[in-house]
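I opened my notebook to look up a few things in this model. My entries follow.

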Amino acid sequence: MSRLNPALPTAVPRYGNAMASMALSFLLLVGVCTFGCWLIGTRSIDTGTDTSTYAGFFARLGQDAITTRLEPGFVAISYGLNRLGLDVTGYQAALFALMLLTVLVSTRKYFTYLASPRSYLTFLSASLMLLYVSPMFVNASINAVRQGLAALLVFVALLTFQQRKWWQFALFGAVACSLHSSSALYLLFAPALLLGVNTLRVAAAAAFLMYCSGLSMSLVQLLVPSLYHLVMEYTANPNYRSGVRIDFAVFSIFWYVLPHLAAPLVHSPYREEIKRSTSVYLVMLLPFFAIGWGYFSNRYLLPGWLAVSLILAAMLCHSRLATLRNPLLIRLGLVGSCGVFYFLVTRGIVI
């Protein structure tokens, strides 16, 4: 027994250091999330193209019953927030807090998917850091708010489909659809995850080429003209370019290729799981390749683009380069990302 005693004094400080590190990470995350809620909540209704629309909708909830095309889940949340007596600032902050909740849920599910022994708080910090510097996340926060709320839940739903967890797929899919109806598009393509990896790649490559060549648009116009007119007429805007967006297509495919090219830099136990999860991202691109030639076609890519931040965070936290996965460096990056987020939001910079 006496041989064990010398180890005891060192064990206690290590445990204490770990607890202090967790407490620091938790407090930092709370501070960063609070900052985000303040920034998004206090933004002017002129910031973002849709902010005034949501503010007007919320203001009318206290009046007579209104007719709206907005999804029932989002309407229910808005009614609940209205009954709490919130003003528009509180409403905007609360919606962003709910979006952060979807970040928490999606990172937790993805972290479990990876079966990682690393610190979850470090992974959450890395994910939030990458989201805060993403113009796509800003778009989800100040413009496409309903889709932003649903986006990462779509990612979770497809992850659970890939794992054959059917009830979870149905649950997360239903919640996502109740927040934004476009979520159903991604769920319809979920069976593609039953294909082999190589078969899925070939199918996605064919869809990519058909989109870039304009063939997918021509086929829909010829075979399903009602769908073609619906896509082209929905939110038509002369200030926004419609038609094939090769820049969006190439940009999106790049984020699928990158994890595979950079795989040697990731520790082998988690390398394959991260590469496997990119199949989910690839499926999330299929709706865009099918009908992403209308106005605001970037909206079809928003869920996938947000999921990229989580995939990159996983690569960062499981990197073979110790410096990149250093928790202190990630915390410093998270603090710095608040400055980038502030700049992007106040300038209204989105993709």
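Which residues form one aromatic cluster with Y110? I found F111, Y113, Y120, F123 and F155 in that cluster.

I noted the ground rules next. The model is predicted; local features need pLDDT of at least 70, side-chain atom pairs count only at pLDDT 80 or more, and totals for chains, interfaces and linings use all residues. Residues are numbered from 1 along each chain as its sequence is written, and side-chain values use heavy atoms, with hydrogens and water left out.

I checked confidence. The chain has a mean pLDDT (the predictor's confidence in each residue, from 0 to 100) of 90, and 92% of its residues reach 70 or more. Over residues 1-8 the pLDDT is below 50. Where pLDDT is low, the predicted coordinates should not be read in detail.

I went back to the rings. Phe, Tyr and Trp rings (the six-membered one for Trp) pair if their centres lie within 6.5 Å; planes under 30 degrees apart are stacked, over 60 edge-to-face, the rest tilted. I get 25 aromatic pairs by this rule. Y110 and F155 have ring centres 5.5 Å apart and planes at 70°, so I logged them as edge-to-face. Y110 is in helix α4 and F155 in helix α7, so their pair ties together parts 45 residues apart in sequence. Helices are DSSP runs (H or I, at least four residues), numbered from the N terminus.

Definitions and conventions:
Contact = heavy atoms within 4.5 Å. Helix = DSSP H or I, 4+ residues; strand = E, 2+ residues; numbered from the N terminus.
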